[in-house]
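Let's take a quick tour of this model, starting with a pocket. Keep the picture open while you read.

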Amino acid sequence: MARLNVNPTRMVLTSLKKRLKVAVKGHKMLKDKRDELMKQFLELARENKSLREQVESYLQNVYSNFVIASAVMSTEVLEEALMYPKQGVAIDVRNKNVMSVDVPVFDFKTTTDDASNIYPYGFANTSAELDNAIENLSEIFPEMLKLAAVEKEVQLLAAEIEKTRRRVNALEYVMIPQFQETIKYIQMKLDENERGNQTRLMKVKDMMIQEIIEEKQANTNAALDEYSQKQ
């Protein structure tokens, strides 16, 4: 792992140690977030599968009833029966926060107080299959909205999991090793410089001691010479 291109000083070493501590803490938090996102993602995936099977089953019944109704009723009567819907739906879209991810939530209400008032035609000229198809659509509509919200939430969580995974890998395999390698390099350089300084200090000390010894020897010799001349 390549180290960072920095000056090997104690100030840089202190700064890198702080950054490494933050990176390790952030790595742990992101791993916890990723694990929790995965847990919620798997739960939503199971819920999505169950809802989809339920919706597809209802829709299959709706299509079957519509096909039968189209066979037993004339096209003009069928189109006239469905031309003016009697019931309307107002959809309210809001967001909820799941692990820092904004996911949609759909709420709906019918435009009339009686939610079961869904047939826009009389029963004299229509078939029972058409009634069943409309009733099934009315029952499955809330589940379809719920399915749409769950599928969108699954997509958003999957994108967030991938983004979090990339961040975790970047910290684990790039940033943290770089910090550790750079800190190790700086510590080695500082230790090497300290050993070099100690060696130079010892040499200077030895030179000073040698100078003192030589100076004392010179003074001693001068004193002996002076004493000899007096004798």
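The second largest pocket holds about 180 Å³ of space. Of the 13 residues that line the second largest pocket, V105, K146, A149, V150 and E153 are the closest to its centre. This is a predicted model, where local features need pLDDT of at least 70, side-chain atom pairs count only at pLDDT 80 or more, and totals for chains, interfaces and linings use all residues. Residues are numbered from 1 along each chain as its sequence is written, and side-chain values use heavy atoms, with hydrogens and water left out.

**Second largest pocket**
- A pocket here is an open set of points on a 1 Å grid over the protein atoms alone where a 1.4 Å probe fits, with protein on both sides within 12 Å along at least five of seven lines; lining residues have an atom within 4 Å of a point.
- α3 supplies the largest share of this lining, 6 residues, and α1, β2 and α3 each supply at least two.
- Helices (H or I, at least four residues) and strands (E, at least two) are DSSP runs, numbered from the N terminus.

**Largest pocket**
- About 460 Å³ of space lies in the largest pocket.
- 18 residues line the largest pocket, and Q87, I118, I134, L137 and S138 are the closest to its centre.
- α3 gives the most to that lining, with 6 residues.

**Strands**
- β1 (residues 89–98) and β2 (residues 101–110) run antiparallel, joined by 10 bridges; strands pair if DSSP finds at least two bridges between them.
- I91 has F108 in β2 as its bridge partner.

Technical notes
Points joined across faces, edges and corners; volume = space filled by probe spheres on them.
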